[in-house]
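Please read each point alongside the coordinates.

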Amino acid sequence: MRKVRRSEHNVYQIHYHFVFPVKYRKAIFKRKDREQTLVEVCREIEKRYEYWFEQIGVDENHVHYLLSAAPKHAPSEVARVVKSLTAREMFARHPDLREELWGGELWTDGFFVATVGEGGNRDVIREYVAKQGQRDQARQVKLFDLSR
């Protein structure tokens, strides 16, 4: 069972599965330095907001997040904040991305979000996120398990 979190007036256990596709489905995450930057930025977001990244699954052209957020934050707000801050920092730390993405947008306008239960459903999603980036059994999983 995952940690029950507390805020000023709430006790909660909310988990979201987000998927953010890269603009034009460009395969920008083939490089480890970009993956590491993304993880570092997510760690910085955790310090400023009531968001906790449990896992990040990076594929070449999209990213899966398993995260928890306080109930006062709507899923669309969480997506807006994460997409905005990760894009700003990715472009700042990797200026060559602007040329690759013709015009400076990192993420598509849309995203996928689903709530994830504590039981078996959550474990299925965790395994799915963990397998992102795998093309066959011999390839290393690009998984960043951020649970504490």
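**Note on the core and the aromatic pairs**

1. The largest nonpolar core has 32 residues, of which Phe29, Leu38, Phe53, Ile56, Tyr65, Leu106 and Trp107 touch the most other members. A nonpolar core is here a set of buried Ala, Val, Leu, Ile, Met, Phe, Trp, Tyr and Cys residues joined through side-chain atoms within 4.5 Å. At least two residues of this core come from each of strand E3 (15-21), helix H1 (32-48), strand E4 (51-58), strand E5 (62-69) and helix H2 (75-93). H2 gives the largest share, 8 residues. Helices (H or I, at least four residues) and strands (E, at least two) are DSSP runs, numbered from the N terminus.

2. This is a predicted model, in which local features need pLDDT of at least 70 and side-chain atom pairs count only at pLDDT 80 or more, while totals for chains, interfaces and linings use all residues. Residues are numbered from 1 along each chain as its sequence is written, and side-chain values use heavy atoms, with hydrogens and water left out.

3. Beyond its neighbours within four places in sequence, Tyr65 is in contact (heavy atoms within 4.5 Å) with residues including Tyr16, Phe18, Phe20, Leu38, Phe53, Ile56, Val82 and Trp107.

4. The whole structure holds 10 aromatic pairs. Rings of Phe, Tyr and Trp (its six-membered ring) pair if their centres lie within 6.5 Å; planes under 30 degrees apart count as stacked, over 60 as edge-to-face and the rest as tilted. Phe18 and Phe111 form a tilted pair, 6.0 Å centre to centre with 45 degrees between the planes. Because Phe18 lies in strand E3 and Phe111 in the loop between helix H3 (97-100) and strand E6 (112-115), the pair ties together parts 93 residues apart in sequence. Phe18 is buried at 1% relative accessibility, whereas Phe111 is partly exposed at 35%. Buried means under 20% relative accessible area, exposed over 50%, and partly exposed in between (1.4 Å probe, protein chains only).

5. Tyr24 and Trp102 are also a tilted pair, at 4.6 Å and 50 degrees. Tyr24 lies in the loop between E3 and H1 and Trp102 in the loop between H3 and E6, so this pair joins parts 78 residues apart in sequence. Tyr24 is partly exposed at 43%; Trp102 is exposed at 53%.

6. Ring pairs link Tyr16, Phe18, Phe20, Phe29, Phe53, Tyr65, Trp107 and Phe111 into a cluster. The charged end of Lys83 sits over the ring of Phe20, 5.6 Å from its centre. The criterion is NZ of Lys or CZ of Arg within 6 Å of the ring centre and within 35 degrees of the ring normal.
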